[in-house]
Amino acid sequence: DERGCRQCAEARRGLSATSIRRREKANAPPFPPLVVSGRPRRVVSMPIIGGSGRELVSTGPTLGWTEDIQDGPVFRPTEAEFRNPFAYLEKIRAEAASYGICKIIPPVRPAVSAGLVLKEKDFKFTTNVQYLGVHKPDRKIAKSSKKNVFYRSGKVYNLNTFQKMANQEMSKKFGCAGNLPRKVVEKEYWREVLKEDSRRVEYGSDLDASGFAPSTDCPMARSKWNLKEFAKASSSSLSHIGERIPGVTDPMLYCGMMFSQFAWHVEDCFLNSINYHHQGSPKLWYGVPSSDALKFDQVTYKHVFNKEGTKKGGLDLAGATGKDPKDLQRREDEAAMHFIKKTTMFPPSILLENGVKVCRILQQPGEFVVTFPQAYHGGFSTGFNVGEAVNFASTDWFNFGVSAEKRYQRLRLAPVVSLEELTSAELDRRRAAAKREAAAPAEGSAAAAAAAAAVPDP
């Protein structure tokens, strides 16, 4: 448990268990659930909250809300089910999509580690620097300040030097670089996020590389779950895209350390995504289903970006009660615009307190996490790890694609993929499939009749 881990670290410094308990009690920080108040006692703003610097107010005593989050669904396909990923995803879609995200534990394991694959490629990358701390909105920050951005360019590493740095940072914090209980790391992460001038971490994100071995060497790489081929598989609607789009049609690699985070967001064009954990410490995810996506936008507009009482274009948004659909849509779009930038991270407690469904998944090495269309998700690494992700389009994506296209039009943003092109190509594919199915029964009946005629009567 958390206390036990601290006792191990402090025991090395010659402190008794009694001294440790006394010190913990005296230094226990009051980290409350976050709510919004007109006259706050303690004002904090999350790491570059949508770039707006709006404040959140902390008024409660603990991080107990971390135990109120339900676990996301976990699926274990059989070897037969694992052979056809898109058929399996369609099988579990109804249940899994109701959570927004799910975990899939495959029946096979890789024979070659991503570390060896990347070492052979002489893989090097430049990290992004993330600042976890918060700043008060009344404190002026110079335009040149490093803390005025969510990401800044970091150092150049290979996988070994990055792992060494990540393990050293974790040892400084916890006294060890091994895997720790989820409760310990999760609470420490949110404590760091809610501090002023907290620590900085580095994250190797959106790296144009893959950790999957050559297909001849590894059963996982030979499978159809190899992310290098996943998005372009014939069953994915993205197979119709001719050009190469890193992260969308081709996977990207992610090298994390303790507390490196991926901010709340939905995928481009509300696409699906699939993420594979190659090696290292677990990655912790939070997910919100598409059924609560608009509520997510409305709640964050009010409680995260704190836009109540502001005016835009002569409209008093604080007076909008939601009866006017245009007012409500404007709120949703304005909040969504912040999340498109992928720079907003805030505690799920805000969502729980306002009736938004949230689940949590702890992703271990060798496991997949799938996100469904228009499902908000975010999270962080619990230590050094290597992951890989790519987008794909499931059979139910097109309706979500239409919604995404309309939102992009309102926000005057260009979509990453062309809905018109994909729809046209998908219709052609389905017509061809229908023709093949229509021809198959006739051929099958003739073959069955011939086989029956060849069998003598008993």
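Is Glu186 buried or exposed? Before I answer, please keep in mind that this is a predicted model, in which local features need pLDDT of at least 70, side-chain atom pairs count only at pLDDT 80 or more, and totals for chains, interfaces and linings use all residues. Residues are numbered from 1 along each chain as its sequence is written, and side-chain values use heavy atoms, with hydrogens and water left out.

Glu186 counts as buried, because its relative accessibility is 0%, where buried means under 20% relative accessible area, exposed over 50% and partly exposed in between, with a 1.4 Å probe and protein chains only. Its salt-bridge partner is Arg182, with the closest N and O atoms 2.6 Å apart, a salt bridge being a side-chain nitrogen of Lys or Arg within 4 Å of a carboxyl oxygen of Asp or Glu. Arg182 and Glu186 are four residues apart in helix α7, residues 182–193, and so are separated by about one helical turn; helices here are DSSP runs of H or I with at least four residues, numbered from the N terminus.

Turning to helix α4, residues 85–97, we find Glu90 and Arg93 three residues apart, about one turn of the helix, and their side chains meet in a salt bridge at 3.0 Å, N to O. Glu90 counts as partly exposed at 35% relative accessibility, and Arg93 likewise counts as partly exposed, at 24%.

A further salt bridge joins Asp250 to Arg244, with 3.6 Å between the closest N and O atoms, and Arg244 is partly exposed, with a relative accessible area of 48%. The structure holds 19 salt bridges.

Methods
Helices (H or I, at least four residues) and strands (E, at least two) are DSSP runs, numbered from the N terminus.
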